[in-house]
Amino acid sequence: MSGHDKLEENTGSEEGFSLGVLFRRYRTPLTAFATLLIFCLVGYAIMQLTDEVRYDDVVEALAETRLSSILLALFFTALSFLALVFYDLNAIDYIGKRLPFPHVALTAFSAYAVGNTAGFGALSGGAIRYRAYTRLGISPEDIGRIIAFVTLSFGLGLAAVAAIALLIIADEIAPLINVSSLWLRIIAAVILAILGSLMIVGREGRVIEIGSIALRLPDSRTWSRQFLVTAFDIAASASVLYVLLPQTAIGWPVFLAVYAIAVGLGVLSHVPAGLGVFETVIIASLGSAVNIDAVLGSLVLYRLIYHVLPLLIAILAVSATELRRFVDHPAASSVRRVGGRLMPQLLSALALLLGVMLIFSSVTPTPDQNLEFLSNYLPLPIVEGAHFLSSLLGLALVVAARGLGQRLDGAWWVAVFSAVAALTLSLLKAIALVEAAFLAFLVFGLFVSRRLFTRHASLLNQAMTASWLMAIAVIIVGAVVILLFVYRDVEYSNELWWQFEFAAEAPRGLRAVLGITIISSAIAIFSLLRPAAFKPEPADEEAVRRAVEIVEKQESADANLVRMGDKSIMFSEKGDAFIMYGRQGRSWIALFDPIGDHHAVQELVWRFVEAARAAGCRAVFYQISPALLSYCADAGLRAFKLGELAVADLRTFEMKGGKWANLRQTASRAQRDGLEFAVVEPADVPAIMDDLANVSRAWLEHHNAKEKGFSLGAFDPDYVASQPVGVLKKDGNIVAFANILVTSAKQEGTIDLMRFSPDAPKGSMDFLFVQIMEYLRAQGFAHFNLGMAPLSGMSKREVAPVWDRIGGTVFEHGERFYNFKGLRAFKSKFHPHWQPRYLAVSGGGNPMIALMDATLLIGGGLKGVVRK
């Protein structure tokens with residue numbers, strides 16, 4: 001047993017520690033399993049609560065719903081979604097930004113339409129906001145604050161509304177849930193007291209700290225305004241279901257409290273869209289006052305009107321912007337660009353919804369008159385086959401939904417084929433006109449937005465995550481619960497599997513459930529038993545040569561780091577752009593933005609993310625510019641502020657004026673000390689290579705350091721000789737040097753290696769920088785890249801994200817480990833412009849792990865990092 005294994009064995013001996021480690025390591029699959037378990041318990045509870053209810057009664061109750069009730073439900077749905085738009089408007093105002101109302105309205109409406117349908121509103125709706133708002137110039141930090149604002153405001157508002165309702169009408173609610181009205185009032189009072197304390201403590205924007213999280217609560221004006229919006233939203237959405245219920249003695253205030261509790265428990269359950277959990281609470285609360293069959297019918301209509309209809313409207317609105325005749329006006333064209341970011345997510349949610357519809361319809365009976373009509377024109381095998389295949393096509397749509405969200409062309413083809421085939425089969429199996437209409441709508445949306453699905457990737461190569469596997473499992477469990485509910489009066493026997501008759505509905509449902517269970521299990525096994533990750537190899541000489549040719553024609557001087565040959569290279573399909581990257585642990589880390597033709601950027605980002613995922617790793621982009629954030633958002637990556645890049649404008653660089661006084665004095669002192677500056681062209685560098693090697697070796701020994709890599713160059717003769725070298729000489733001997741990275745575009749110059757011998761005069765570093773900048777200016781270069789200051793420029797606002805607050809704290813107090821403040825102070829001498837740089841991580845990965853992997857990759861492993 002190795003020492004590392006022994007260490008793990010010893011540290012794992014403490015039960016609490018080992019359980020904590022296991023939970024952190026397997027948190028995602030454990031959460032998915034817990035959610036599935038909750039849903040199974042909910043399904044059992046529904047079966048018990050509806051023991052006396054029959055499927056035919058529910059269908060009859062649906063048919064008896066009045067048109068006036070449906071129209072009122074549509075009206076209240078419109079009011080609720082209008083209020084939801086103001087969530088985003090208030091959040092954007094809260095962070096001090098301004099955006100055009102049409103863009104915010106379309107984004108917010110789409111985010112809530114998807115969040116209500118797919119569930120996990122903070123994630124699914126948050127992803128839509130990230131994609132849309134990055135296009136509108138909002139930073140990742142501010143988008144995170146918007147998502148946090150709308151999520152917290154809804155949660156706190158929901159708690160406040162429920163508590164106020166409980167406090168006022170506890171006597172009416174108590175009999176419904178068999179809890180003492182006194183206890184209900186005590187619970188409500190405690191909730192209101194906590195919320196009131198938060199308002200008092202956080203008044204005027206004060207900060208409260210909960211553990212390691214610091215949060216600035218909204219000021220009183222913002223809090224009051226948002227509470228009114230939330231209360232109005234909850235009241236309107238509750239009214240949607242209330243008007244669909246049959247006449248009952250339960251008043252609207254009582255129902256509002258029940259509804260708020262049901263929504264809250266549905267959100268907390270983590271079950272997609274609160275499916276089953278919400279219904280269970282409503283049935284359990286109202287079952288004694290309203291016929292359960294009528295409640296079930298109303299819940300079905302509520303889901304259709306409040307969840308499905310807004311999604312269809314959002315897709316229709318975005319589809320309209322895709323039609324050329326609607327985009328002549330500049331404002332419409334702007335909305336169209338935002339809509340292009342939203343459409344894949346909307347179609348993904350709709351495909352998921354219709355996939356579930358097809359699966360659930362396969363376990364529900366066909367109306368008798370429809371079956372009788374089919375029996376007169378179609379043979380039984382066609383009806384049986386159409387019924388069975390439509391359930392499998394539903395599963396195909398569920399799987400394709402994930403690929404649609406990622407804009408895969410393969411997913412688009414699978415979704416189109418599945419929808420068209422299912423549309424045809426829906427008519428053959430049951431003359432299901434509503435089902436066929438929904439599928440036709442999906443096909444319309446897919447064809448209108450065809451141009452958005454350009455990512456070439458095989459749908460079969462997409463590993464299903466634990467969350468998606470859990471969602472599929474929830475769908476199958478739901479289908480089983482519906483099957484048991486619909487055919488609860490049919491006694492089970494093995495002969496049911498082999499009954500093939502027009503009137504034999506239960507056997508058809510059994511076979512459909514078996515089919516989707518087998519196929520979904522195969523998908524899960526395939527995803528879980530994917531090939532082990534492979535390690536990408538560094539690029540060969542030919543690949544480096546091709547990359548250097550691209551580097552020479554573009555503007556980024558840092559791209560010359562590809563000359564080191566220590567990184568892997570991924571070229572675009574046309575070979576006119578590339579990504580250089582390395583692997584550390586389970587992270588594939590791309591350095592900088594893609595290099596080369598701008599039109600290839602989107603393709604390269606996507607290919608890199610997919611390649612990392614196929615290898616079982618996370619994709620990481622290190623030191624990327626704001627220009628790449630929207631592409632990373634499209635690929636499902638989250639961005640985190642990494643620091644700031646210092647860029648000096650050489651066109652205005654002149655050592656005159658008071659602000660340059662210190663550097664002028666340093667340069668004058670260096671010249672008095674006998675320092676001489678010269679630039680050695682690449683052809684002449686080999687002649688001084690031994691002298692440069694001696695300086696480099698002395699510098700490493702003096703600093704007790706080793707060569708770095710990845711984002712920093714190492715002293716390699718071929719690398720050093722590939723570009724000009726600036727040298728400082730004293731008494732004819734080289735005492736300092738820096739290799740100068742340039743391209744033929746002459747837009748930017750920078751330096752990589754900068755080494756000094758221990759006897760170099762004080763101030764040599766400043767003098768070398770100044771001389772190189774003056775040399776580049778004389779050569780016609782526009783900018784000088786002084787490199788990045790890590791953790792610089794992190795938000796210091798009280799509402800800053802946790803990542804920024806941690807980074808800011810390390811920047812202020814981490815001098816023991818790294819000279820963060822000193823490095824920024826040195827670069828500030830040259831009065832640069834500061835440009836933000838980001839770390840982007842895929843799959844919701846932990847940014848700290850990704851950053852640590854990048855640090856180890858740069859330092860050459862743990863030993864290299866320890867040795868600086």
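Colleague: So which helix is His 307 found in?
Modeller: His 307 sits in helix α13; helices here are DSSP runs of H or I, at least four residues, and strands are runs of E, at least two, numbered from the N terminus. Bear in mind that this is a predicted model, where local features need pLDDT of at least 70, side-chain atom pairs count only at pLDDT 80 or more, and totals for chains, interfaces and linings use all residues. Residues are numbered from 1 along each chain as its sequence is written, and side-chain values use heavy atoms, with hydrogens and water left out.
Colleague: Is His 307 buried or exposed?
Modeller: His 307 counts as buried because its relative accessibility is 10%. Buried means under 20% relative accessible area, exposed means over 50%, and partly exposed is in between (1.4 Å probe, protein chains only).
Colleague: What does His 307 touch?
Modeller: Leaving out residues up to four places away in sequence, His 307 touches Ala 113, Asn 116, Thr 117 and Tyr 302. Contact means heavy atoms within 4.5 Å. Ala 113 is 194 residues from His 307 along the chain, yet their C-alpha atoms are separated by 6.7 Å.
Colleague: Ok, new topic. Which residues touch the most other members of the largest nonpolar core?
Modeller: Tyr 259, Phe 278, Ile 282, Leu 442, Phe 608 and Phe 621, in a core of 172 residues. A nonpolar core is a set of buried Ala, Val, Leu, Ile, Met, Phe, Trp, Tyr and Cys residues joined through side-chain atoms within 4.5 Å.
Colleague: And which helix gives the most to this core?
Modeller: Helix α13 (residues 292–322), with 15 residues. There's also a second, separate core of 53 residues, including Val 551 and Phe 715.
Colleague: What about α17 and α18, at what angle do they pack?
Modeller: About 160°, with their axes 9 Å apart. The axes are lines fitted to C-alpha atoms, for helices over the stretch in contact, and angles run from 0 to 180 degrees between N-to-C directions. α17 and α18 are therefore roughly antiparallel to each other; angles under 35 degrees count as roughly parallel, over 145 as roughly antiparallel, 65 to 115 as roughly perpendicular and the rest as oblique.
Colleague: Which residues meet there?
Modeller: Among them are Trp 412 and Leu 423 in α17, and Leu 439 and Phe 447 in α18.
Colleague: Last one: how many helices and strands are in the chain?
Modeller: The chain has 31 helices and 14 strands, and buried residues make up 54% of its 868 residues.
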